[in-house]
Amino acid sequence: MLAGYAVQVEQSRGRRFPEPAHPYRNDFQRDRDRVIHARAFRRLEAKTQVFTRRYSDHFRNRLTHTIEVAQITRTVAGALQLNVDLAEALALVHDIGHPPFGHAGEKALDAAMRAHGLRFDHNLHALRIVEDFEQRYAAFRGLNLTFEVREGIIKHSRDYSAADHPELAEYLLEQRPPLEAQLIDLTDEVGYNTADLDDGYEAHLLPIEQIRDSVPIFDRFLREVEELYPNVADKLKFNETVKRILNRLADDLIHNTQRRLKDEKIETLGEVREHRARLAAFSPEVSIERQQIKDFLYSNLYYSPSLAEEKIDAERVVTDLFSFWMQTPAALPQPYREKSDEESLPRVICDYIAGMTDHFIVEQYEKYCGSKEFSPQRTRGNTG
Ligand code: MG
């Protein structure tokens, strides 16, 4: 039973190229499956989430992060009686446009593009992947996804103005996206805030005492766990604490969104779209707790000196390769050389680099820019 404000698959605006119905799967289920079968999706396995050099085989990469976000999204969407198939497809596709090397790679790629008066934006890149770069079907380029999935790719995390992006006019930019799309940015946060605490702890970069001193919600749940299980190993106390944080964030997202829908008397999808603001949200109280986790992760993990070296390497690899191909376009693979007849060279190089996995870009760097001055590989953490 879907709520009145959910997206009904029967009312989808459909695909660019109409296709016959599938006997067992509805259109959003097919879109979810098309994403899973895409090359760009498989490459997420070899793209950095937070750690470029892997300290351990237990850490998240962009694929396992994506699967965790899909799991959280299904739970939250189901509890809100939203369209779980659509929400799941959006969760699975949400990071598909990310370049290699996580945010360091994204920053370097955007900086390289800005030098040519252009930008790199991972949502817009994701749209290009599903609309154009994926080639699986004889009848059309791209994955021919439904309107609602393409709209969600663009609008899940931010608003684009029609003035700045006339090419996105078809995506109803003056309207809010459906709740299934609004959720994704928030379930993404639930996923990475808890997972990054976990990986940071496993990497021995975030000692438990340091987390509890800076993150009140962590301290509160750890106290509860210490009382319940005084004699278990620290790692288990840590896991129980993080599990409680995840549940609190997800639970708050469900209940606060329900409350807002009720207060604003939202009953239909049209009212969600026409509403002045996004309706999916954490409560003010939990927003503060979430911000405390984020602040802590920024200052102690993402910008920690331990990760600084690998970020500098990552930026150099992206920057040097970009300028190498700008100066030597003949060294680009044939399909990209051909594309540079239709599109600007920086855009073609950007598309090529953005699609690469971490190890493929390092291989390219060693081939064209030499392997000089790479920071030594870190020893793997001994993390049971
Ligand atoms: Mg993400």
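## Confidence of the model

This is a predicted model, and its chain averages a pLDDT of 93, with 95% of the residues scoring at least 70. Over residues 375-384, by contrast, the pLDDT is below 50, although this stretch has 20 contacts in the model beyond near neighbours in sequence.

## The magnesium site

The magnesium ion has four protein donors by name, namely His65 through NE2, His94 through NE2, Asp95 through OD and Asp188 through OD, and these lie 2.2 to 2.5 Å from the ion. Along the chain, the donors of the magnesium ion follow the spacing H-x28-H-D-x92-D. Histidine 94 belongs to the loop between helix 4 (84-93) and helix 5 (102-114), whereas aspartate 188 belongs to helix 8 (residues 179-202), so this pair ties together parts that are 94 residues apart in sequence. Both histidine 94 and aspartate 188 are buried.

Helix 4 is largely enclosed by the rest of the structure, because 9 of its 10 residues are buried. The buried residues are Asp85, Leu86, Ala87, Glu88, Ala89, Leu90, Ala91, Leu92 and Val93. The cover over these buried residues of helix 4 includes helix 1 (27-36), helix 2 (39-43) and helix 3 (62-79), together with helix 6, helix 7 and helix 8.

## Packing of helix 6 against helix 7

Helix 6 (residues 122-133) and helix 7 (residues 147-155) pack at an angle of about 155°, and their axes are 8 Å apart. This angle makes helix 6 roughly antiparallel to helix 7, since angles over 145 degrees are counted in that way.

On the side of helix 6, the contact involves Asn123, Leu124, Ala126, Leu127, Val130 and Glu131, which meet Arg150, Ile153 and Ile154 in helix 7.

## Aspartate 234

Aspartate 234 is placed in helix 11 (residues 234-263). Is aspartate 234 buried, partly exposed or exposed? With a relative accessibility of 44%, aspartate 234 counts as partly exposed, because that class lies between the limits of 20% for buried and 50% for exposed.

When its neighbours within four places in sequence are left aside, aspartate 234 is in contact with Tyr201 and Ile208. Proline 305 is 71 residues from aspartate 234 along the chain, and the C-alpha atoms of these two residues are separated by 25 Å.

How values were computed
Residues numbered from 1 in each chain as written. Predicted model: local features only at pLDDT ≥ 70, side-chain atom pairs only at ≥ 80, totals over all residues. Heavy atoms only, no water. Axes fitted to C-alpha atoms, helices over the stretch in contact; angles between N-to-C directions. Helix = DSSP H or I, 4+ residues; strand = E, 2+ residues; numbered from the N terminus. Parallel < 35°, antiparallel > 145°, perpendicular 65-115°, else oblique. Contact = heavy atoms within 4.5 Å. Donors = N, O, S within 2.8 Å, 3.2 Å for Na, K, Ca; no water. Buried < 20%, exposed > 50% of the residue type's maximum accessible area, 1.4 Å probe, protein only. pLDDT = per-residue confidence, 0-100.
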